[in-house]
Every structure is written in C-alpha cells, then in structure tokens.
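The report below goes through one model, taking up a charged pair, a sheet, a chain contact and some backbone details in turn. The sequence and the structure are shown here for reference.

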Amino acid sequence: MFIIGELINGMYANIAAAIKEKDKAVVQKCALEQIKNGADALDINCGPASKQPVIDIQWLVEVVREVTDKTLCLDSSKPQVIESGLKAAGSNIIINSTTADLEKLNLLIPLAKKYNAGLIGLTISAKGIPQNRDQRLELAATIVSACADQDFSTENLFLDPIVMPVNVAQAQMRDILESIREFKIISEPSPKTVVGLSNVSQGTSARNLINRTFLTMAVAYGLDAAILDPLDKDLVDALITAELILNKNIYCDSYLDAYRRK
Amino acid sequence: MVLQPAVEKWSGKIAEVAIGNAGPAGIIKVGGQETLPFLFSEGKIPNAPFAAFEIWDVNPADWPQELKTAWGESLKDPFAWAEACVNKYKAQALCLRLAGSHPDYGNRSAADEAKLASGLAQKFGLPMIVIGSGDKEKDNAVLPAVSEALKGRQCLIGCATQDNYKTLTAACLADGHSIIAESPIDINIAKQLNILISDMGLPLERIVIDPTTGALGYGLEYAYSIMERARLAALSGDKTVASPFICFVGLEAWKAKEAKVSLEQGIIWEAMTAAALLQAGADILVMRHPAAIEKVKKHIENLMGK
C-alpha cells in the first residue's frame, strides 16, 4: 500500500498556526513523524483559512523538502496553487487533484506531464458527486481517455472513487468498494486507485474503527494507495495485516515492525 | 508477429556482503543482484557465486571413503588440508568447521580453536568462513573466542539460530565479522531471525542466510522453493530477506546413499546438488570433494558468461 500521510493540512490548527507564523519546526516534525510511522508520501494542503495559498503552498513544500525527498501530494482544487507547489517541489510529486471535468483535465494533465508528476483523478464532476457504480465508472473512463488523448501514462494516474461518509451514503459503500476493482481493468497498464480515507467516518462516533474497517475491505478490493493518518497505529497495523493475509508480504513474528522498516 | 520476451522490473536488491580483508587473497563479495539468478537481461548481477572448501579442525572419521581417498593423509592436519586446498586446488575461500569442539566429538577448547582459526587465517590469508559444532552452549563459548582471534579479518561466522543468536551476533558486531543466520527450511523463521539480529545492531548487509538445504533426492525442492520465495520478496523490496544465501552442499550431498555408490557418482551428486542450488539463488556453496568443486567452478564461469 502506498500510504499518503494527511496531517500537513491547514485545516488542522497546529499547521494553520505554523503557516501563519512561518514556524518551520512544527511542519518538519509532522513530516518526519508521518514518515517514521510508515508514510510513503505526504499530502500538502494549505487549508481553507489560507488567504494566499499560492505563496503558502510554496513555503510548505520548501520547508518539507528540507527534511525529506519523499513524494509530495500537492493538494488543492486550484490549478494555480498546484503549479506554485510544483515549481518548488522538484521531483517525486503527485498532483491532488483533478476532477473529471474537461477544462480541469486540460489544465492539469499538461502540468503533470511538464513536471513529471503523478495525478489523482477524482470521479466527480461539475454535475456533482456520483450516486452509483456506473456513474463512477463513466467519470473514470472520461479521465482515462483524457490521459490517453494527451499521451499521459495511466501508470501515473490514481483514480479516486470518492468515499462518502457512511452515515450519509450507507447504500453506496458497496458500490465504492466495487469501483476500486473495476477501475483497475479500465485500461492497460492499469491506473492506480486511491481513497481519501477519513471521509468515510466524517461525523460518526467511531471514526477510527470505521476508517480501519473500510480500509481493510478496500485492500481486499485491490486498493493501491490511501490518504490517511499514519500516526493511527491501529489503522496502519490493520492495513499491514490485511496485506499479509493477501500474501503481499512474508509472515514473520515481527511482521508489523518488518513492514515499517521497508 | 514478433514475440516480446517478458522482462520483469524489480525494485529491490540483494545486500552485498564482503568476506575477507585486503590480504594477498583479497576480498570476495557476494550478493548485490538486482534480478533472479543468471537473468542478465533483467538486471545487474555484480558478483559471481563461489564455492568454499570445507575443512575440519579434527580428522573427519565419519566421512565416506570416497572423500577420504581424495584428501588422503592431509585430513589429519588442518594446515596440510588447507595447504592442499590452496596450492593444489586453488581455493578461493576456506570454510573451517569446528566439529572437534563438540562435547561428543573431542571437546576441543575455545583457546585451541581460536589458535587454529587465526593460525590458518594468518598462514593462507584467504577469505574465511567459520562454523561451530552446532552444540549451543559450546558454540557460545568457542565462537566468541574465534571471532576475537580473527578480529578485523571480516570473516563469515555461523551459525546463529532463532533460539541462539545473541552471543554470536554480539561477537560479530564487536569484531567486524558477518554472520550466518540458519533457519530450518522455514521462510518465516529466516525473516524473523534477520530482524532479531539486525535489532541488535548488526546491519542487514552483514547477514548471510543459511536456509538449510537437502541434497538432490532428499528434499532439495523444498529448499529451492523457500529460496525462490525469499528472492522474489527481496527483489520486490523486502529488505529483511534480501540476504545472500550460503548452502552446505557437501554436508548434505555426501549423506545421500546414492553418493556412496561409486566415486564418480558421489562427485556428480555433490556437483548436481550445487548446480540446482545455484539456480535457486545460492551465493556461497560449501563443498567437500575437490573434483566436484572443480566442476561447479567451471559451471559458474559458464553461467556468468566468462
């Protein structure tokens, strides 16, 4: 599993304050802690409070780059914010994200190519959030064909089926899981699949348990990557164990430690 | 239609382990592969596997006549035996088995074994592998003394097991040696033991796995599948099983009754067991009959395209 740590996000008070006061240490500590606990990549998001996200994302990227070369996911719905982050990040970057709308795809796919970045494609469009499996697949196909048209390899594409909170869209959970499997057979080479995990438990009273159960099930459906909290030890333990059961890693008594050393 | 050969892209790499110091015989390196055995079209294979000559501290009275005939009187004196390996058969490395330290096989003292090991190392300067008798308590007394006597020579010392690894690991750590981690044809224990040893501070780059092998006709295929599985995981990025393999080919092959039917058949049995293990990923072959070693050496040269 490609673990993308979600904690460098201006929606958290500590990061919002660090951005405001240009406190490098808080951001760098958050980056290193996530990596130590198994993150393969770090999401970078200035958050809703940032008044000048084009400048703030650049600062965040530069500060994190001082301590790690790991992949950075530049997280914004605004292409100009993403481009500002791309300029600062160097190599190992994923753009997070484009929707299935052509005007966005036509902006962001060329950017991904120009900066040799991966691209997360949300199966969502200006018409709204998909309501079932078929709508998700249709939006995924739109994204994949735009990539093909612009000669962007689907190996570098991460499709997100859009995880809804279980207390809002309980009837859609099975469709979301099945979409993960269907996305893999949409093209050759297969696109990768990713979810923003914590959305599934938004507004519920058992967030960690719901996150971890959904993730375990999604792993069984072939999920490649997840944006999650790597400091949630029970969550990462469950993830490692799910992959062990699918024979992706060799068992030994210290398999949890062994995985985190990779 | 042109058939495209399937080429695998691997993300992992086998650890490279160096044995020997910068003496006249130099250093031998094993491991470092970026692909499965001898698949040169897929990735780099920087180091060739090699065969080490197994010699004992005491006269191996139980060895079959075929082996005794090959070595003659030299079996009674480790220095004469090593001399024959080095001068007559151009050995690349020696593997000294301290069988005589076993309480039931002579009970030689730690001091005597340390003196013998350092004497051989000093005289011949070859990269050395040293193996205990397999008696846990005695090994824990003998091997640290041997390790200290060989300090700085960058030897390979074994064998650590899951329930007896701490003393030997500490000794290798202190004296700059690499360690052999032995597991009983069990991939889960092999992985666990590598983690336990590296937890004590000995880096994974100083561990060689003895997966335990059977001879041709005696469970070789189990060892083969364990080695293959470990290699596939290692090349896919699992560093905890990305160690080179050592296989005690002579020990196993000469146990087989087929090896004792005739001299020629014994040599072939040992050489064929080695050849199969090379395909499984063996990096170091510890062997007993000089004619078998000669055949295997040529075979390795052919496989490496030399």
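## A salt bridge between two loops of chain B

In this predicted model, the side chains of D57(B) and R108(B) form a salt bridge, with a nitrogen-to-oxygen distance of 3.5 Å. D57(B) belongs to the loop between β3 (50-56) and α1 (65-71) of chain B, while R108(B) belongs to the loop between β4 (94-97) and α3 (110-124) of chain B, so the pair ties together parts that are 51 residues apart in sequence.

Over all chains, the structure holds 21 salt bridges. How many salt bridges does the rule find across the interface of chain A and chain B? The number found there is 0.

## The barrel of chain A

Chain A contains a closed barrel of 8 strands, which follow one another in the order β1-β2-β3-β4-β5-β6-β7-β8 with parallel pairing. Neighbouring strands of this sheet are turned against each other by 25° on average, when direction is ignored. Helix α5 (residues 102-114) of chain A packs on the sheet, where α5 touches β4 (93-98) and β5 (118-122) of chain A, and the direction of the helix makes about 180° with that of β4(A).

Strand β1 (residues 2-5) of chain A pairs in the parallel sense with strand β8 (residues 225-228) of chain A, over 4 bridges. Within this pairing, F2(A) has A225(A) as its bridge partner in β8(A), and G5(A) stands opposite L228(A) in β8(A). Strand β1(A) is also joined by 2 bridges to strand β2 (residues 41-44) of chain A, and these strands run parallel. G5(A) takes part here as well, standing opposite L42(A) in β2(A).

## The contact between chain A and chain B

Chain A contributes 10 residues to the contact and chain B contributes 14 residues. Between them the two chains bury about 1,000 Å², of which 51% lies on carbon and sulfur atoms. Which residues of chain A lose the most area to chain B? They are I250(A), C252(A) and R261(A), which together account for 55% of what that side buries.

Sorted by class, the side of chain A that touches chain B comprises 4 nonpolar, 2 polar and 4 charged residues.

## Backbone details

Two cis peptide bonds may be described here, one from each chain. In chain A, a cis peptide bond joins N96(A) and S97(A), with omega of about 20°, and S97(A) has its place in strand β4 of chain A, a strand that helix α5 of chain A touches. In chain B, the peptide bond from G158(B) to C159(B) is cis, with omega near 5°, and C159(B) lies in strand β6 (residues 156-160) of chain B.

A further backbone detail concerns N116(A), which has a positive phi of about 55° although N116(A) is not a glycine.

Notes
Residues are numbered from 1 along each chain as its sequence is written. Chains are lettered from A and ligands numbered from 1 in the order in which they are written. This is a predicted model: local features need pLDDT of at least 70, side-chain atom pairs count only at pLDDT 80 or more; totals for chains, interfaces and linings use all residues. Side-chain values use heavy atoms; hydrogens and water are left out. Two strands pair if DSSP finds at least two bridges between them. Axes are lines fitted to C-alpha atoms, for helices over the stretch in contact, and angles run from 0 to 180 degrees between N-to-C directions. Contact means heavy atoms within 4.5 Å. Buried area is the accessible area (1.4 Å probe) that two parts lose on being put together, summed over both. A salt bridge is a side-chain nitrogen of Lys or Arg within 4 Å of a carboxyl oxygen of Asp or Glu. Ala, Val, Leu, Ile, Met, Phe, Trp, Tyr, Cys and Pro count as nonpolar, Asp, Glu, Lys and Arg as charged, and the others, Gly among them, as polar.
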